Amino acid sequence: MKVHVNGESADIKSGSTVAGLLDHLRIGRDRVAVEVGLEIVPKAKYDSHTLSDGDKIEIVHFVGGG
Amino acid sequence: MSSQQDRLVIAGREFNSRLMVGTGKYASFQQMVQALEVSGAEIITVAVRRVNISDRNKESLLDHIDLKKYTLLPNTAGCYTADDAVRTCRLAREAGLSDFVKLEVLGDEKTLFPDNEELLKAARILVAEGFTVLPYCSDDVTVCRKLEDLGCAAVMPLGAPIGSGLGIRNPYNIRIILENINVPVIVDAGVGCASDAAIAMELGCHGVLMNTAIAGAQDPIAMAEAMKLAVIAGRLSYNAGRIPRKLYANASSPIEGLLA
């Protein structure tokens with residue numbers, strides 16, 4: 001199925017979870033925040049939150065700033 | 001009072017350093033780490049941005065920051081609406097597991113001055129959601145009072161536009177804020193060199209926040225040290241109580257015993 005991650009489209013297996021997506025993208029789960037369709041997914045739910053076709057996902061982290 | 005006993009207290013948390021620094025614009029992570037270390041800062045600002053998913057080999061900021069040593073203050077830089085700022089703060093809390101946020105809601109790209117209406121709207125929501133809100137704001141006591149009344153943990157009026165290095169252009173407005181606001185007042189933005197930081201502290205500000213003045217200096221490490229010393233010196237000078245300004249001279253040596 002197709003999802004949109006940080007503005008880019010990505011093909012992932014149907015039934016993938018947030019945890020699965022992060023593993024697929026080689027992103028550690030500790031220091032990021034994930035939003036699916038404008039709703040934050042808490043870290044405790046990464047393993048249980050299943051993604052759907054067409055989901056808009058944002059994965060953010062901290063960068064240098066003032 | 002020695003600088004050791006004179007701590008900055010924000011939302012019940014004590015800090016030894018009154019200098020807060022940003023983590024942006026450094027030539028390298030190594031330079032940033034060294035500047036942070038030399039500055040003695042305990043609170044450092046960070047921005048919230050998308051992870052680069054196409055290039056996973058890029059280093060991550062937090063790989064270089066000792067989270068036992070620093071309190072992260074995520075900002076909402078680049079947000080022009082209350083909704084965007086609130087969304088960014090929620091993401092920051094999830095990523096960093098801390099309630100501290102530097103709330104900025106900007107009015108326009110040229111001045112980066114705050115949009116007071118949106119700022120107040122965002123502050124109200126964030127305080128209700130349990131955030132410790134440190135708002136970057138105008139040098140306007142009315143806005144500062146409203147932010148304090150909403151429950152912000154500090155107010156952070158600008159001394160001059162962000163990144164301008166113009167110094168503290170508004171000492172009287174800052175003093176009026178200091179005399180009327182009971183939460184810490186931290187000058188955020190405008191500092192260009194060490195004397196600017198000292199001036200902010202001598203006015204009685206509780207702290208100073210800066211990024212470009214250090215990161216953009218020709219030698220950021222040396223400037224970080226200069227800023228550390230200026231903030232300490234300015235605070236000591238404020239606590240010591242300066243002499244009144246007089247128009248005419250007042251000799252330091254006695255008249256008595258002068259050679260005839």
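1. Helix α6 of chain B is followed by Gly204(B), whose phi is positive, near 110°; helices here are DSSP runs of H or I with at least four residues, strands are runs of E with at least two, and both are numbered from the N terminus. This is a predicted model, in which local features need pLDDT of at least 70 and side-chain atom pairs count only at pLDDT 80 or more, while totals for chains, interfaces and linings use all residues.

2. Within α6(B), which covers residues 194–202, the buried residues are Ala194(B), Asp196(B), Ala197(B), Ala198(B), Ala200(B) and Met201(B), where buried means under 20% relative accessible area, with a 1.4 Å probe and protein chains only. Their cover includes strands β9 (186–188) and β10 (207–210) together with helix α8 (220–240), which belong to chain B.

3. Chain A has one helix and five strands, arranged along the sequence as β-β-α-β-β-β. Its radius of gyration is 11 Å, close to the 11 Å that the globule rule gives for 66 residues, so chain A is as compact as a globular protein of that length; the radius is taken over C-alpha atoms, and the rule is 2.2 Å times the number of residues to the power 0.38.

4. Of the 66 residues in chain A, 45% are buried. Among its contacts between residues at least 6 apart in sequence, 52% join residues at least 24 apart, a contact being heavy atoms within 4.5 Å.

5. For numbering, residues count from 1 along each chain as its sequence is written, chains are lettered from A and ligands numbered from 1 in the order written, and side-chain values use heavy atoms, leaving out hydrogens and water.

Terms used: Buried < 20%, exposed > 50% of the residue type's maximum accessible area, 1.4 Å probe, protein only.
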